[in-house]
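Let's take a friendly walk through some local features of this model. Please keep the sequence and the 3D view open as you read.

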Amino acid sequence: MEAASIAAGLPQTRLTIASHKLSSSSSKVGSVTSVSFLESLSAQTSLVLTASPIEKAAPIDSGSRGRRRNVVAHSFAAPSAGICPFDRTSSFQSQSQTAEEKIGLLLLNLGGPETLQDVQPFLFNLFADPDIIRLPRPFQFLQKPLAQLISVLRAPKSKGYAAIGGGSPLRKITDEQAHAIKDALQAKDVSVNVYVGMRYWYPFTEEAIQQIKKDRITRLVVLPLYPQFSISTTGSSLRILENTFSKDAYLSRLPVSVIESWYKRQGYVKSMADLIEKELQTFSKPDESRVGPVQWLKPYTDEVLVELGKKGVKSLLAVPVSFVSEHIETLEEIDMEYRELALESGIESWGRVPALGCTSSFITDLADAVVEALPSAKAIAASSGSAGEIDNYDPFRYAIKLLFGSVLACVLLFSPKMFVAFRNQLL
């Protein structure tokens, strides 16, 4: 969808869609990126559109998140398509606007380890998420032990962070985007406090929520920094908000509007097209690219790079369409791994469009989306789901599940063949 919109501004390019396999050295999991390739039919310049990884998510025990930092969630002081009220299934109640309204904007992102020592606890937080590794209900008590095992085994293999300076720049860039959006809204005479909430690393979403409550925000807009909605990214963070807000008297009455997706917004599409056009001008024959739709998930990126080389493509431009910030996927996987493979495959000229970051047209469009979302903010009613779960608790069924889960754990941990097979499947 994003690639097709962006390609509309580049009428002489051919669009191919692909996805890449998970490499053993990568820290990502599951069915990761969907990648788009714009291939030159004249064996000249090609465009590669890469989309963000699919990283599934769910609440994590704050006590197991890793080495605690002196980090405090902070604000940055000084309806269109994709916008919906806080919860798509919950009932809402209206709240009158206060005399002195305090507007908050919560930016949601994945988070990333800031040092090499952070990699293992970051991976633990990731794999402890039941949406990353979905265990049957009887075996869910194994979630954290399994996450610990996987994170310990995978951390030494996650060498990409060392290659990009020892940590992810995601937090720094997200903070810069928060300041830029704050300034853009101020220019529109909209005063807001901007907060950053990360899913798997500091500052955690829960910390941002507590700061929002402390600041007595009276109206909140939630903006996930993922262009498209996915249950594994945006959906994951929203579930934390739903759980936290529904259990708090103040937060449950706070009017909230969520911008679920914004990949069709003209500001985003134009910003991407402008960056692509600028990078294309660095190639010797930028006019020889063409566009057309093909299959969504395949072929895989590494296979396509080899295929393009065999077809005689000499110039290739990688475009991370869904990456609004530079991080390990752009700086290490695309800039290093894919570049090396492309050159080995016979491609002579390689380029990569930078992530949007704080591009002015992009930031302005996000600020516009926030303004458009404000009128649709509604309060979420307190949920009674927890009581229902307690009422349905069956000690006998729980004991049976615990027994079978323990048997599975013993087989997995003490059978060498089973352990090796399971480890190889994960890694």
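This is a predicted model: local features need pLDDT of at least 70, side-chain atom pairs count only at pLDDT 80 or more; totals for chains, interfaces and linings use all residues.

## Around H327

H327 is buried, since its relative accessible area of 13% falls under the 20% cut-off. You will find H327 in the loop between β10 and α10.

Which partners does the side chain of H327 have? One is the side chain of E329, with which the side chain of H327 makes a polar contact of 2.8 Å. Another is the backbone: a polar atom of the H327 side chain lies 2.9 Å from the backbone oxygen of S325. If we leave aside neighbours within four places in sequence, H327 is in contact with S168, P169 and E332.

Is S322 buried or exposed? With a relative accessibility of 3%, S322 is buried.

The side chain of S322 is joined to the side chain of Q228 by a polar contact of 3.1 Å. For a sense of how the chain folds back here, look at M272: 50 residues separate S322 from M272 in sequence, while their C-alpha atoms are 9.5 Å apart in space.

Now move to strand β7, where G197 is found. The relative accessibility of G197 is 0%, so this glycine counts as buried.

What does G197 touch, once residues up to four places away in sequence are set aside? The list includes L106, L107, L108 and N109, and also P203, F204, T205 and A208. The C-alpha atoms of G197 and G111 are separated by 8.4 Å, although the two residues are 86 apart along the chain.

The peptide bond leading from Y202 to P203 is cis, and its omega is near -10°.

## Where α6 meets α7

The axes of α6 (residues 205–214) and α7 (residues 234–246) come within 10 Å and cross at roughly 40°. That angle makes the two helices oblique to each other, and their crossing is right-handed.

By type, the contact residues divide into four nonpolar, two polar and one charged.

## Backbone features worth a look

Most residues other than glycine have a negative phi, and most peptide bonds are trans.

D189 is not a glycine, yet its phi is positive, at about 60°. D189 sits in the loop between α5 (170–187) and β7, and with a relative accessible area of 73% it is exposed.

R216 also has a positive phi, near 55°, and is a residue other than glycine. Its place is in the loop between α6 and β8 (219–224). How accessible is R216? Its relative accessible area is 46%, so R216 counts as partly exposed.

Technical notes
Residues are numbered from 1 along each chain as its sequence is written. Side-chain values use heavy atoms; hydrogens and water are left out. Buried means under 20% relative accessible area, exposed over 50%, partly exposed in between (1.4 Å probe, protein chains only). A polar contact is a pair of N or O atoms within 3.5 Å; within protein, one must be able to donate a hydrogen and the other to accept it, and residues adjacent in sequence count only if both atoms are side-chain atoms. Helices (H or I, at least four residues) and strands (E, at least two) are DSSP runs, numbered from the N terminus. Contact means heavy atoms within 4.5 Å. Axes are lines fitted to C-alpha atoms, for helices over the stretch in contact, and angles run from 0 to 180 degrees between N-to-C directions. Angles under 35 degrees count as roughly parallel, over 145 as roughly antiparallel, 65 to 115 as roughly perpendicular and the rest as oblique. A crossing is left-handed if the near helix is turned anticlockwise from the far one by less than a right angle, and right-handed if clockwise. Ala, Val, Leu, Ile, Met, Phe, Trp, Tyr, Cys and Pro count as nonpolar, Asp, Glu, Lys and Arg as charged, and the others, Gly among them, as polar.
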